[in-house]
Amino acid sequence: MANNRRPEIGSTIAIQKPVFNIILRRLQENGYQIIGPRVKNETLVYGSIENMDELPYGYITEQKAGAFRLIQADHKHYFDAIPGAQSWKQFLFPPCVDLFTLRKNGNGWEISNSKLDSPSYAFIGVRACELAAIQIQDNIFMRPDFADPTYRERRQRVFIVSVNCLAPAGTCFCASMGNGPRVKDGYDLNLTELDDVFLLTVGSELARSLLDGIEYEDASAFMLTTAERSIERAAQQMGRTLDTNDLPELVLKNLDSPHWKEIGERCLSCGNCTQVCPTCFCWDAVDQMSLDGKTTSRTRVWDSCFNPGYSYLAGGNTRPTISSRYRQWLSHKLGTWKEQYGTLGCVGCGRCITWCPAEIDLTEEIAALRKETR
Amino acid sequence: MAALQTTAISISQTNHLLEPNWAEITAITNETSDVSTYWLKFVDPSMQAGYSFKPGQFNMIYVPGFGESAISISSDSEDRDKIGHTIRFVGNVTRAISRLKIGDIVGLRGPFGSPWPVQEMEGKDIFIACGGIGLPPLRPVIYHIMHHREKYGKVTLLYGARTSGDLMYPTEYDEWRKADIDAQITVDRGDANWSGRVGVVPMWFYQFRLDARNTAVLTCGPEIMIRFVIYEALARRIPLENIFVSLERNMKCGQGSCGHCQLGPYFVCKDGPVFRFDALQPYFNVEEF
């Protein structure tokens, strides 16, 4: 089934699954570092992979509030395991970035800026919710009036292979948020995994060139229908739903609700939700000085609105209670974010539910708030 | 409309996040036992020549090894030779600043944030109500009015501090009065050195007659004082659009990126620190928000 024609942008082709390895190899030849989901320590992480054999073949994940488990599926797919705590955020907005080092020089300081260079990443298996999260972080870190150089440097070189999600987990609700499970845009290649082939929709010129001369056939009507049905079925299988009607208004009109105090009694303020959230963007900068006081290095690190020091001021703490911090987090995600960036700050990936040790579920909390105000 | 329009302020496109420029401490003025004004000048003369700010804006001052602190600019915006920062020594960074001497070098980024609307207020009476360390961010407004006195109507400053020893810039009040600025000073607690007003700022507010249709109220200070100043102003039927507030929040980047200074939909460092009160009203009485 060799095909000499380069597939057009927007067209969907079918390849035999092993052919995908050729695409991965070509990405590597083009200088890309391949990042994909991998099984590690009985969970799923994102890390460097060489080829498809390292993907979580045959796995799905079982997820509920406060629980995550990798299990072997009856059917064998490469891309059916819904991710764990990690997200692509850690590559574009790393948890720790060296900014500069200063050396004492007389009265002043000599600066050496850290190099911005990072590998060119190829992300393999970006789900619709995660792609939406990347687009949300683009709005934050690449504003027209201020572009974060550390983010921009990484982001502008990323190659994205997205996947239509066919096996949502118990804490998923991307369908409610309007982000998935179908990938809309922003990819180089979009993959749908059928039992015997991968369907690939071409999204960029670079992707087109990578497909040069590989063995493919145009996706048949049967394949496309099968894919559509699988995506629709996935949309019906979301473990959670969130009613987004009037969502910013609902949250912002109820900032005085006693419900926040009630959540505050369950929340541990551990910040897990903010660390696993693919859109949470808060950061801090910290100095580390050598013992002799002659050099100091400045590092950008993730911060969390659940940290007690987050709102610390000379006059005291703006949000001293856990309930006020939870309210800040949720009213930002599902409220004020909209005014700031035009979208909600939640993509429906469900990580904050899965990884909350107190099993707090924002879909339940919003439902409770809704019920209370009715 | 959200916060004040900040069209005049462009946030610099930097290639290196948080990279400071270096400035030398050229003079230190001791204001009170725990407050001093640090006069800074960029080490690079062209940087100094190119630097300008508007009244109400702030800089990030960086002490290597300790970190950055957001400090409002307290000097005359028309004086291009030096930049004054009146600093209370209360935190990690500001205490490190307190140990610096003339000739020492600090990092400086800025200016950031929205200014007081000095142009928009032309033709109006101005009522400035501030407390404690809330005067420094308003001193550039006072200087601006002094430079352009004919453009403003009646100008009143109501300023309070805890004790007479905590008053900022006491030697300047007479100059301000000479420029037809009615400087009224009050202290929370009187003592042997004080023969003036005693009582908190909002308490004295009622003594002043304001033309509700044509007065702009500017306020900065402890949030509890701001709250009561605003109640007083609203009770006098000053429209929300003529009340301006400068707020303090934890700030790390100055560019609306790091998230710390959020107040509802606003990043105080970018959309503030100066807000028109109608933008703040929905969130103003929400506790711990």
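Reader: How many Å separate the centres of domain 1 and domain 2 of chain B?
Author: This model is predicted. The domain assignment of chain B gives domain 1 as 21-112 and domain 2 as 125-284. Taken over C-alpha atoms, the separation of their centres is 22 Å.

Reader: Which elements of domain 1 of chain B give two or more residues to the side that touches domain 2 of chain B?
Author: The contact takes 20 residues from domain 2 of chain B and 22 residues from domain 1 of chain B. The side of domain 1 divides into six charged, seven nonpolar and nine polar residues. The elements that give two or more residues to this side are strand 1 (21-32), strand 3 (58-63), strand 4 (67-72), strand 5 (83-88) and strand 6 (105-112) of chain B.

Reader: How many nonpolar residues has the side of chain A that touches chain B?
Author: The contact between the chains takes 35 residues from chain B and 41 residues from chain A. Elements of chain A that give two or more residues to this side include strand 6 (96-105), helix 4 (149-155) and helix 11 (322-341). By class, the side of chain A has nine charged and 14 polar residues, and the number of nonpolar residues is 18.

Reader: Over which residues of chain B does pLDDT stay under 50?
Author: The mean pLDDT of chain B is 93, and 95% of its residues reach 70 or more. Where pLDDT is low, the predicted coordinates should not be read in detail. In chain B, pLDDT stays under 50 over residues 1-12.

Notes. Residues numbered from 1 in each chain as written. Chains lettered and ligands numbered in written order. Predicted model: local features only at pLDDT ≥ 70, side-chain atom pairs only at ≥ 80, totals over all residues. Contact = placed C-beta atoms within 7 Å. Helix = DSSP H or I, 4+ residues; strand = E, 2+ residues; numbered from the N terminus. Nonpolar A, V, L, I, M, F, W, Y, C, P; charged D, E, K, R; others polar. Domains from an automatic or database assignment. pLDDT = per-residue confidence, 0-100.
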